[in-house]
Amino acid sequence: MLVAGGISTDALGTAPTIADIRLLAKRRIPKMAFDFADGGADAENTLRANIDDLAKVTFIPRSLVDVSQQRLETTIAGEKMPLPILLGPAGSVRIFGGDGELSAVRAAGKAGLTYTISTASSWSIEEIAAEATGPLWFQLYMWRNRETVRTLVDRAAAVGCTALVVTVDVAVNGKRARDHRNGMSIPPKVTLRNALGVARHPKWFASLMRGPAIGFRNLQGIAEGSSAMSHQEYINTELVNLSATWEDIVWLRSIWKGPLFVKGVMSLGDADRAADAGADGIFVSNHGGRQLDGLPSSISVLPGIVDSVGDRLNIIFDGGIRSGGDVMKAKAIGADAVALGRSWVWGAAAAGERGVERVINIYRAELRETLILLGLDDVADLDRQFVSWPREWSPERDPASVPLP
Ligand SMILES: Cc1cc2nc3c(=O)[nH]c(=O)nc-3n(C[C@H](O)[C@H](O)[C@H](O)COP(=O)(O)O)c2cc1C
């Protein structure tokens with residue numbers, strides 16, 4: 001049977017892996033939109049390393065253990081999660097067609113999974129929260145004007161977001177070569193380079209035209225009336241903050257009462273500073289290879305960071321996660337939970353809400369299977385005995401894990 005967007009319910013329902021969901025997304029939307037999610041910064045070395053290094057972690061299972069009951073519940077900063085995964089922040093999701101973030105938050109709510117609203121969402125905090133039936137977190141960029149930041153934080157608290165996730169690895173946007181080549185911009189513009197792709201995906205294009213203009217909707221009330229600048233000029237001159245420091249985290253700590261996470265930690269020094277600034281947790285993350293190319297994979301710095309701050313901070317991991325097995329590897333090394341990035345975005349691009357539901361169902365089934373095959377009945381008992389990883393990732397030998405002065 002065919003459904004809106006041309007993806008058959010069978011193709012979606014029988015898609016066995018996240019890799020298949022990615023291919024469905026690739027078929028449904030133009031190359032410029034697909035590459036915007038799929039691509040990374042510069043030569044994409046970090047993007048590739050995230051995936052390649054997860055494959056270097058191998059399992060050491062236990063056989064003949066009674067695994068007739070399986071428990072996958074996890075608690076992070078006092079919040080119970082039905083699975084050790086959450087939907088991490090992704091902005092501009094309407095670029096991928098349909099109603100973007102709204103589809104995703106509905107699917108997350110049905111599964112009881114936490115959804116992280118991005119500052120750069122294509123719907124406002126309030127519009128997304130209105131569709132939510134599950135827990136919400138809010139991801140913040142540390143912009144220049146503290147009043148702007150405070151307004152966003154207050155709005156997030158007002159709609160019931162329980163945790164604040166402060167992203168610290170986007171002082172400027174990484175150079176995404178694929179976006180430059182494809183003539184990709186926000187809002188998207190039809191150019192000679194991408195006109196054919198747009199023409200071949202009329203349903204995608206129509207869905208873009210149906211909703212509000214694609215941009216940073218959370219800033220509309222704030223940017224309006226502040227000056228006669230264009231939206232982009234406003235972002236570049238008023239928002240981008242090259243002088244943000246850990247003092248800003250200390251300040252946010254003072255105004256945000258719930259759990260506070262620092263997202264984009266890749267070294268022991270930053271992990272320590274996050275703890276000292278009063279954070280409850282960190283996202284060990286290189287932004288999915290979309291920011292500084294040349295960073296190591298996030299999985300390769302996880303062991304050292306867990307050893308250093310695991311007893312003081314909640315550790316969320318992201319970068320390159322494409323299966324339940326990947327989630328279990330990060331959990332075994334010491335992450336408390338894993339944030340999905342491209343996985344759920346591809347689901348939204350492939351088939352909106354049903355696509356994200358399918359992604360969550362794939363993860364749930366793979367997590368259960370991996371738990372059983374490892375010989376465990378409770379994910380809480382998963383630890384380093386169950387995995388092996390390259391010795392060069394050990395803290396003494398990994399320069400990224402040596403504390404900064
Ligand atoms: C399309 C897209 C948009 C994103 N937008 C944001 C954002 O607004 N804020 C943020 O902190 N991270 C953002 N990220 C990064 C993700 O939160 C996450 O760190 C990364 O995607 C994890 O890697 P993975 O995609 O390989 O799983 C975005 C990622 C993608 C793919």
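Just past the end of helix 7, G160 adopts a positive phi of about 100°. (Helices are DSSP runs of H or I with at least four residues, strands are runs of E with at least two, and both are numbered from the N terminus.) The model is a predicted one, in which local features need pLDDT of at least 70 and side-chain atom pairs count only at pLDDT 80 or more, while totals for chains, interfaces and linings use all residues. Numbering starts from 1 along each chain, following the sequence as written.

Helix 7 itself covers residues 146–158, and its end C-alpha atoms sit 18 Å apart, which agrees with the 18 Å that its 13 residues should span at 1.5 Å a residue. (That expected span is 1.5 Å times one less than the number of residues.) V149, L152 and A156 are the buried residues to look at here. They cover an arc of only 65° around the axis, so they end up on the same side of helix 7. (The arc is taken from the directions that run from the helix axis to the C-beta atoms.) Buried here means that 20 or more other C-beta atoms lie within 10 Å of the residue's own, exposed means 12 or fewer, and partly exposed is in between, with C-beta atoms placed from the backbone. The face turned away from the buried side carries E147, D154 and A158, which are exposed. The cover over the buried residues of helix 7 includes helix 6 (125–131), strand 6 (136–141) and strand 7 (163–167).

Helix 16 (residues 324–333) is mostly covered, with 9 of its 10 residues buried. Among them are V327, M328 and I333, along with the charged D326, K329 and K331. Just after this helix comes another glycine, G334, with a positive phi of about 140°.

Most residues other than glycine have a negative phi, and most peptide bonds are trans. A77 lies in the loop between strand 2 and strand 3, and it is partly exposed, with 18 other C-beta atoms within 10 Å. G78 is in the loop between strand 2 (74–76) and strand 3 (79–81) too, but G78 counts as exposed, with 11 C-beta neighbours inside 10 Å. S92 also has a positive phi, of about 55°, without being a glycine. S92 belongs to the loop between strand 4 (85–87) and helix 5 (101–111), and is buried, with 23 C-beta neighbours inside 10 Å. As for peptide bonds, the one from I186 to P187 is cis, with omega near -5°; P187 is in the loop between helix 8 (177–182) and helix 9 (195–199).

Next comes the ligand. It is surrounded by 21 residues, the closest being G91, S118, G288, G341 and R342. (A residue counts as near if its C-beta atom, placed from the backbone, lies within 6 Å.) The shell divides into 6 nonpolar, 12 polar and 3 charged residues. G288 also turns up beside L47 of helix 4 (residues 45–56): their C-alpha atoms are separated by 6.0 Å, although the two are 241 residues apart along the chain. L47 is buried, with 24 other C-beta atoms within 10 Å.

Overall, the chain has 17 helices and 12 strands, and 51% of its 405 residues count as buried.

Definitions and conventions: Contact = placed C-beta atoms within 7 Å.
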